[in-house]
Amino acid sequence: MRPRRATGWVLLGAVLLGYPLVFSDAYYAQLGTLVLLGAISASAWNLVGGYAGQVSVGHAVFFGAGAYLPLLLYKIWGWSPIVGFPAGIAVSVAIALLIGLPTFRLSGHYFSMATIAVAELIRILVGNWDFLGASIGLMGPATPRAWWDLVFQSSIPYYYLYLAVLVALLALTFAMERSRFGYYLRAIHAGERAARSLGVPVRRCKLYALMLSAAFSSVAGSLYAAKFGFIDPNSGFGILVSVNMVLMAALGGAGRLLGPLLGAAILVPLQITTNSLFGGGGTGLTYILYGGIIMLIARFEPGGLLELWDRIRGRRAA
Amino acid sequence: MLLSVRGLGMSFDGFAAVSDANLEIAERAIIGLIGPNGAGKSTFFNCLAGDLMPTSGKVLFDDADITHASPEEHARLGIGRTFQVPATFQELTILENVMVGAFLRHSGEREARAEAERVLELTGLAGLAGKKAGTLGTPGRKRLEIARVMATRPRLVLLDEALAGLTATEVHQAIELVRAIHRTGVTLVIVEHVMEVILTLAERIVVFNQGRVIAHGAPSEVVNDPAVIDAYLGRSHARRAATGAGPSRGRA
Amino acid sequence: MILAQVIVGGLLIGAVYALFSSGLTLIWGMMNVINFAHGEFVMLGMYVAYFAFTLLHADPASFGALAAVFLFVLGVLVYLLLIRHVMRGPMLAQILSTFGLLLFLRYTAYWAFSANFVTLPEGLFGPSLNVGGILLSAPKLVAGVVALLITIGMHLLLTRTALGSRFLAVAEDRQAAMLMGIRPDRMQALAWGLAGASAGIAGALIATFFPISATVGESLALVAFVVVTLGGFGSVPGAMLAGLLVGLIESLSAYYFGPVYQDVLVYGLFVLILWVRPRGLLGKA
């Protein structure tokens, strides 16, 4: 690795590791945790939406499944939320297959429409099912029985837990970028017909990308449930959850390793600020802003900020 | 015979774009496919490539029935193709484009990269490896497509108007490239409009008109075949060719 | 005859679904773009009707026309400023563009009009009618009939007029259309205007009997997706047929399973269609 590149990584690593030590008060620790959570869910979306170019606008369905399972298992059997992680992944992957199997042999729009429809379908079902808490939702352990209940007083243990997961996900993405699978995904995104003519198993690759993406989105949901100890149909499956995942990835740079982290680092503080500035009406304004940003990205720089940065740098060098 | 086409037909909603096409292609041959616009050669070509499923007839590759095989299967069996409008992966670099092809035969990144570099040498693109495919002009993209398909180690390559829209110098370079890849041992089926190219490169020419094969043979034979002249230029010229009469004066 | 009432009611609302879905499928067929903000176009049509009544004290008969004009302009603007530039680019940009528009329109309405529902007073078109033992609310009847007429009109426009054949030419082969002197850009802008107008009219029609709020577009958009998929890619007659069917299915499921599950059933139907017959009723294979 070239020296300048390596320095960049070390610096980033230092910032991420050291953040809670420097900004240890509750507000900033929580902020950092939320940024990391956003980065995880956006990076998960990025696998199928950014790299493979299959735009899911209902990814909340996987996040929500991951959030509900641990709390559900706790409610029924009093199990540690940790058991819910693989359960959430299993359910999410099953939903991924339900959506992907029929739609990946059709044009891209069908997949996108299906993701919204299934997310809504599940949101309504869950919201009306008393077993799953209906519209009130589910709650996790209030007082921890041990460390494995994942209930901590301060944000800092969560911060490092989230960081570990993010690092794992990014490492996996990094390895994938350099593998045959990664090249195939990018080829599918760049030209499906040509990819097919070169022997790329298009449908299978899309499915794998979606399954992987669903699994990690589910983990993000489970991590959310672990920290907040609470989930309801809107915070789990609502369209705004999906919007956040998409926007964070797209703003930073869809299809780029660090795009989602960049997007999360910008949007999470932004959202918290606008919410506190405008109070209750903040929700409306934040999403008006989001809508505008998304349209601008789509219109002028679909590759996001990282692409914009590359372009500026390229022009200066030229 | 590497490729055998028997009684191939392709109909769309009752309109027969191709009827009863037969063709035998031996290993290492260079076959040219020509015909006026709308003659059915593109449809025939796409049936061979697996993009279209013929409504009748059979296609055999190395004695295996590939009539209904998908494009992915075609590639795996060793049939590659280029596209009339170049379909390179614009956001990927030239090297990466070719690597996608190479990954069909090599599962590791290092081997795929090595193979891709080798192919870039062969096709004269080595100096541009790190550039994005989107920066290339049309001739470069056509060249890249050829490189990319060669990385899949095909035994048969279907070239779809690989030389259309090129200047005289570019055509000359392209012909050299096609000869270079032929030397590596591939069989070629070339669809082309540019006559001189076909006549220079092809050992045998198949002529389509209105969905049927109307002539088949060595370039010199085909060029003088009345049916072919009729298809391209009209009946009067065909008559003149048949009787050996000189150019007419005045009305046809 | 409650069941007959349920059926007729379902068909009437289905006609309205057919109306706004026709616009969506027209754009899809012509430019291969799905307008994710289509539900918001309908929502805005509803608000136009509401404000026409409360602010301008306009005659209910004019709601549709006002909404049509407003949304036609909006549709054309959206095309010129946004769609035109993302149409032939990567899928991500295309889908993000109308998705961003969805958020922008929905939350602007949310911020401007708050989250509360508003309704137009009942009896705007007169009392309920009793037709052969079936009780029909006048607004619903008007909505269904007008929607059906306009949708049929759209179909005739596309298939029987010169303008329609120009649309279809652009949808079929853009290059060839250009060579024939047709300007694809103009046709596409017009198509977006038409899609907006039909969504606007549909909104104005439902506003007379349906609660109006900023988030109403969410479920309407999904209905539109189901209808255009069931109807078949780019097929306006398909959307008509599918619209009626979806309205009917929705009404029957509300009757048998309750209103909560009517949405679930429709979305479930969508997934089923994708698995079993994605080309829909009248789409090409």
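Predicted model: local features only at pLDDT ≥ 70, side-chain atom pairs only at ≥ 80, totals over all residues.
## A residue in chain A

L125(A) is part of helix α5 of chain A, which covers residues 108-127. Although L125(A) and P233(A) are 108 residues apart along the chain, their C-alpha atoms are separated by 9.1 Å.

## How the chains meet

The model has two pairs of chains that touch, and of these the pair formed by chains A and C has the most contacts. Chains B and C, by contrast, are joined by no contact, and their closest C-alpha atoms lie 11 Å apart.

Where chains A and C meet, 34 residues of chain C and 39 residues of chain A take part. On the side of chain C that touches chain A, at least two residues each come from α3 (63-86), α4 (91-113), α9 (217-231) and α11 (260-276) of chain C, and α4(C) gives the most, with 15 residues. Sorted by type, the residues on this side of chain C are 26 nonpolar, six polar and two charged.

The contact between chains B and A takes 21 residues from chain B and 18 residues from chain A. On the side of chain B that touches chain A, the elements giving two or more residues are α2 (71-77) and α3 (94-102) of chain B. The residues on this side of chain B comprise ten nonpolar, four polar and seven charged.

In soluble globular proteins, nonpolar side chains tend to be buried together. The largest nonpolar core of this model has 292 residues, and the residues with the most contacts inside this core are I40(A) and M46(C). Helix α9 of chain A, residues 202-228, supplies the largest share of the core, namely 17 residues.

If neighbours within four places in sequence are left aside, I40(A) is in contact with Y162(A), V165(A), L166(A), L169(A), A220(A) and L223(A).

## A four-stranded sheet in chain B

Strands of a sheet pair through backbone hydrogen bonds, either parallel or antiparallel. In chain B, four strands form an open sheet in the order β2-β1-β4-β5, with antiparallel pairing. Because β2 (15-25) and β5 of chain B each have a single partner strand, they stand at the edges, and one side of each is left without a neighbour in the sheet.

## A six-stranded sheet in chain B

Another open sheet in chain B has six strands in the order β6-β7-β8-β3-β9-β10, and its pairing is mixed. Its edge strands are β6 (79-81) and β10 (212-217) of chain B, each of which pairs on one side only. On average, and with direction ignored, neighbouring strands of this sheet are turned by 20° against each other.

One of the parallel pairs joins β6(B) to strand β7 of chain B (residues 156-160) over three bridges, and R81(B) stands opposite L158(B) in β7(B).

## The build of chain C

Chain C contains eleven helices and two strands, which run from the N terminus in the order α-α-α-α-β-β-α-α-α-α-α-α-α. The radius of gyration of chain C is 18 Å, close to the 19 Å that the globule rule gives for 285 residues, so chain C is as compact as a globular protein of that length. Along the principal axes, the C-alpha atoms of chain C fill a box of roughly 55 × 45 × 35 Å.

Of the 285 residues of chain C, 55% count as buried. Among the contacts in chain C with a separation of 6 or more, residues 24 or more positions apart account for 78%.

Notes: Residues numbered from 1 in each chain as written. Chains lettered and ligands numbered in written order. Contact = placed C-beta atoms within 7 Å. Nonpolar A, V, L, I, M, F, W, Y, C, P; charged D, E, K, R; others polar. Core = buried A, V, L, I, M, F, W, Y, C linked by C-beta atoms within 7 Å. Buried ≥ 20, exposed ≤ 12 C-beta atoms within 10 Å, placed from the backbone. Pairing = 2+ DSSP bridges. Axes fitted to C-alpha atoms, helices over the stretch in contact; angles between N-to-C directions. Rg over C-alpha atoms; globule rule 2.2 N^0.38 Å.
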